[in-house]
Amino acid sequence: MATTRRGTLLGFLLMGGVLSRLRAQLKPNSELQQAQSLFDFEELAHKRVSPAAWARVQGGSADELTLRWNHEAYEHIRLRPRALVDVSKIDTRVKLFGLDLPFPILLAPTGFQSLVYPDGDAASARGAGAAQALYVIGSSASMRVDDVAKAATGPVWFQLYVQRDRGFTKDLVQRAENAGCRAICVTVDSPTFGARNREYATQGDVPPRPLPNLQSRDYLDPTLSWKDIDWLRSFAKTPVLLKGILNPDDAEIAVKAGVSGIMVSNHGARNLDTVPATIDALPHVAEKVAGRVPLIVDGGIRRGTDVLKALALGASAVGIGRPYLYGLGVGGADGVTRVVEILRKELEMAMMLTGRTTIASIDRSVLWPKEW
Ligand SMILES: Cc1cc2nc3c(=O)[nH]c(=O)nc-3n(C[C@H](O)[C@H](O)[C@H](O)COP(=O)(O)O)c2cc1C
């Protein structure tokens, strides 16, 4: 009798173990379905990823003022809707450097994704593809650019850190282009990184990870200057964009130097604290560039209305960084897809509710004039 009871108890325990494992496996899916917004994903990701991964994903530099401003600035922009417009058909398509994109949201490059999810870079690329979004592979990816490009199911670009060894850099660009990357985004805001206090406080907990696209861990080159952009353009077969321009004067030089596009970015507020939110810098850059090259803005975009506001202020497309990492942490590739789908859906809602049926019809008249 006692043996039978012990057997039953053991059975229950085993069964409980199986059930809880099953529940754990099912959890990401139900969480994916329940998450309504990118902020929901942020909350879920915080619970799921390790403290070190969270500090790396979430942290900014120094006092994280710019980090706060990046999103907060969108909250201060009010919309001016039109009523009684037939919005039964919404067209969010854009053309960017010869690519037809179904909607103007791309995934900005982020490094060390293996910290967030195993083979994170490949999962992100697959998740982006499933959502039909363009994915920018980072130089500091945890996988070789060729392997990420191979895993991708949609268009990809490559983000380049120009490394001290220009021969190595040239090979890397050519490898990326041969692997199918359709543009090179050179990061120009990082002669050094910022005081990433939050991230560095947890660095000791992180085992060293491979960085197969970088020649060494000391990969930033503080000598980088405009002549290197000319050098890069001399052999790149794909459009060269500069990522990390905030100052309109730099935008002017960039256009004159012949770059194909500009990414208005403050590196997700991870480098120089107290620079303005990118959405505050964007109109100044747009005024200077005056449509000569496309502008892409990233930093703090969390809502479809943020995307709409960025387009109204002169962006041709927007990038998101942290939000898809939240998706990755919560549900791998599926999580990334879901994040993009939510933002895309919100953009469509924002367009319908403001009476804009095409991306081209989104201009400054969709913004309420500032009067407070
Ligand atoms: C964890 C993390 C790693 C990043 N790594 C890079 C990088 O290696 N190169 C780069 O140009 N930008 C990098 N960025 C910046 C993003 O490309 C993008 O500019 C920024 O995340 C956009 O802001 P958001 O996170 O508020 O959307 C990184 C951002 C994060 C959050």
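I'll take the strand itself, then its neighbours, then the whole sheet.

First, the ground rules. This is a predicted model: local features need pLDDT of at least 70, side-chain atom pairs count only at pLDDT 80 or more, and totals for chains, interfaces and linings use all residues. Residues are numbered from 1 along each chain as its sequence is written.

Our strand is β5, residues 156-160. Strands here are DSSP runs of E, at least two residues; helices are runs of H or I, at least four; both are numbered from the N terminus. Five of the five residues in β5 are buried. Buried means 20 or more other C-beta atoms within 10 Å of the residue's own, with C-beta atoms placed from the backbone. V156, F158 and L160 point one way; W157 and Q159 point the other way.

Now the neighbours. Strand β4, residues 134-137, runs parallel to β5, joined by three bridges. Pairing takes at least two DSSP bridges between two strands. Y135 stands opposite V156. On the other pairing, three bridges join β5 to β6, residues 184-187, again parallel. There, F158 partners I184, and Q159 partners C185.

Eight strands make a closed barrel with parallel pairing, in the order β3-β4-β5-β6-β7-β8-β9-β10.

Key. Buried ≥ 20, exposed ≤ 12 C-beta atoms within 10 Å, placed from the backbone.
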